[in-house]
Amino acid sequence: MTDLLAALAGSSGVLLATLLLAWTASTSYVVATGRAGGDALLHGPRETARLLRQRRRTTLSADRLLWRGAGWSLLLVAALLVALVPWGGSALLPGSLGVVWANTLDIVVWALVWLLGWGANSVVGLVGGYRFLALALAYELPLMFALVAPALAAGSLDLAVVADAQGALWYAVWMPVAFAAYLLGVLGFAVLGPLSAPAGPETGSGVLAELSGPDLLVVNAGRYALLGAGAAVAVPLFLGGGAGPWLPGAVWVLVKALLLTAALAWVAGRLPVLRVHRLMEPLWTVWLPLVVVQDLVVAVVVVMGR
């Protein structure tokens with residue numbers, strides 16, 4: 001009974017943290033687009049009320065199970081990412097392969113965003129889905145190599161071990177390229193900012209084109225939640241986990257995650273959407289080699305430190 005209550009409490013805490021991160025991302029994004037702070041704080045509740053009153057859009061011969069199931073699953077993936085984060089030394093889903101599972105959930109987002117475009121049986125949605133796959137191939141390899149750097153330095157794939165291994169010097173300080181590549185990947189799988197072309201105006205909203213009402217609400221909430229969840233995973237990877245003065249470790253993890261979420265969302269709201277073909281070449285020919293060099297530097301430092 002005690003274990004059940006602990007699991008329920010942990011699950012509730014993860015869900016609340018996921019929603020708080022999503023609301024923070026939404027608010028910061030709206031502030032970045034030029035709205036006043038008070039209006040931005042109420043944007044989420046107002047948009048929720050508006051979309052809940054809106055009728056669901058339907059398309060001819062749509063695969064509703066894949067289409068709507070994919071959209072609603074984005075929020076679930078975000079919650080699972082948050083569950084991997086060690087809050088004060090322990091995670092709801094602890095394990096020795098936390099880094100691998102984080103990357104696996106990122107890959108799951110590929111299928112979900114693709115199915116958003118495919119399931120609607122819409123040309124515009126399908127174009128958005130194909131653009132997402134092309135873009136995902138370009139940002140994912142740098143992201144995967146970025147995850148290698150902190151795991152290599154800590155000698156472990158356990159997020160708690162990676163966080164504890166950083167000591168007084170965060171990995172973000174001496175692994176700036178890996179940190180930047182990771183954050184770019186977060187913007188990619190959240191489909192926000194410069195990497196939001198698959199859902200941007202150039203393709204008539206792409207994978208979001210045929211969504212409305214509660215479906216659009218949940219997908220947008222999922223995108224903001226994924227941004228926040230990606231920021232939360234960055235805390236043990238690059239920002240020292242719960243390390244910090246005076247406050248408990250769990251509080252420090254939350255504070256760092258909220259601040260990074262707000263910063264990422266603000267950047268996403270300020271930068272223009274870049275066309276997919278303009279991103280492909282620099283991501284493949286410049287960004288990927290830089291991240292590989294970063295991994296080599298980390299490997300040399302680790303070997304010399306033994």
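Visitor: What share of the accessible surface of the protein chain belongs to carbon and sulfur atoms?
Guide: This is a predicted model, in which local features need pLDDT of at least 70, side-chain atom pairs count only at pLDDT 80 or more, and totals for chains, interfaces and linings use all residues. Residues are numbered from 1 along each chain as its sequence is written, and side-chain values use heavy atoms, with hydrogens and water left out. Accessible areas come from the Shrake-Rupley method with a 1.4 Å probe, and for residues only the protein chains shown count as cover. The surface of the protein chain comes to about 14,000 Å², and the carbon and sulfur share is 71%.

Visitor: How many helices and strands are in the protein chain?
Guide: Both are DSSP runs, numbered from the N terminus: helices are H or I with at least four residues, strands are E with at least two. Along the sequence, the pattern reads α-α-α-α-α-α-α-α-α-α-α-α. The count is twelve helices and zero strands.

Visitor: What is the radius of gyration of the protein chain?
Guide: The radius is taken over C-alpha atoms, and the globule rule is 2.2 Å times the number of residues to the power 0.38. For 306 residues the rule gives 19 Å, and the chain is close to that, so it is as compact as a globular protein of that length. Its radius of gyration is 19 Å.

Visitor: What percentage of contacts in the protein chain with a separation of 6 or more join residues 24 or more positions apart?
Guide: Contact means heavy atoms within 4.5 Å. For residues 24 or more positions apart, the share of those contacts is 78%.

Visitor: Which residues of helix α3 are buried?
Guide: Buried means under 20% relative accessible area, exposed over 50%, partly exposed in between (1.4 Å probe, protein chains only). Helix α3 spans residues 43-53. On its other side, L52 and R53 are exposed. The buried ones are H43, G44 and L51.

Visitor: Why do the buried residues of α3 line one face of the helix?
Guide: The arc is that of the directions from the helix axis to the C-beta atoms. Seen down the axis of α3, the buried residues line one face because they fall within an arc of 90°.

Visitor: Is N121 buried, partly exposed or exposed?
Guide: N121 sits in the loop between α5 (98-119) and α6 (123-154). Its phi is near 55°, a positive value in a residue other than glycine. With a relative accessible area of 46%, N121 is partly exposed.

Visitor: Is V191 buried or exposed?
Guide: V191 lies in the loop between α9 (176-189) and α10 (213-238). Phi of V191 is near 55°, positive in a residue other than glycine. At 5% relative accessibility, V191 is buried.
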